[in-house]
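Please keep the model open while reading.

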Amino acid sequence: MDPIVVPCPDCAALNRMPAARVGDGPVCATCKAPLFAHPVALDEASFDRVLAKASLPVVVDFWAGWCGPCKQMSPHFAAAAQQLAGKVVFAKVDTEAAPGLAARYDVQSIPLLVRFVGGVEQKRQAGMLPTPAIVRWAMG
């Protein structure tokens, strides 16, 4: 089986690992943080690099700190990330801190989930979702 490339949720370093080792609790080669502990925080500097290099589909939550539904969905998004560890990379983009990304992806409503495969947008879903709905949507 081919190795996969996954970003570290703490330092955004890209890690190459055998796909068969995903369930073994892998850690980042750079900072030693668990690779599937929580969603990866992306900014304008790391976004393109991570999406271009990630071997797995990447689901990005575009959110903002002032957004009530975003705050409500955050624990559901983290729970979905845990459930799909090794199958999908979950990432978050703060639209206030990365307005260029929000503009580039025409973010009109938040929270907004966008699924990327090979760095290309595949689909999007606006609005707050519970964990089971996020899991179904991310895998579909």
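## Where H2 meets H4

Met73, His76, Phe77, Ala79, Ala80 and Gln83 in H2 are in contact with Thr131, Ile134 and Val135 in H4 (contact means heavy atoms within 4.5 Å). By class, this contact has 6 nonpolar, 3 polar and no charged residues. Helices here are DSSP runs of H or I with at least four residues, strands are runs of E with at least two, and both are numbered from the N terminus.

This is a predicted model, in which local features need pLDDT of at least 70 and side-chain atom pairs count only at pLDDT 80 or more, while totals for chains, interfaces and linings use all residues. Residues are numbered from 1 along each chain as its sequence is written, and side-chain values use heavy atoms, without hydrogens and water.

## Packing angle

H2 (residues 68-83) and H4 (residues 131-139) pack at about 50°, with axes 8 Å apart. Angles run from 0 to 180 degrees between N-to-C directions, and axes are lines fitted to C-alpha atoms, for helices over the stretch in contact.

## The buried side of H4

Thr131, Ala133, Ile134, Val135, Trp137 and Ala138 of H4 are buried (under 20% relative accessible area, with a 1.4 Å probe and protein chains only). These buried residues pack against S4 (58-63), H2, S5 (89-94), S6 (112-117) and S7 (120-126).

An open sheet of 5 strands has the order S3-S5-S4-S6-S7, with mixed pairing (strands pair if DSSP finds at least two bridges between them). H4 lies across S4, S5, S6 and S7, at about 30° to S6. S3 and S5 run parallel, joined by 3 bridges. Alanine 41 has lysine 92 in S5 as its bridge partner.

Notes: Nonpolar A, V, L, I, M, F, W, Y, C, P; charged D, E, K, R; others polar. Buried < 20%, exposed > 50% of the residue type's maximum accessible area, 1.4 Å probe, protein only.
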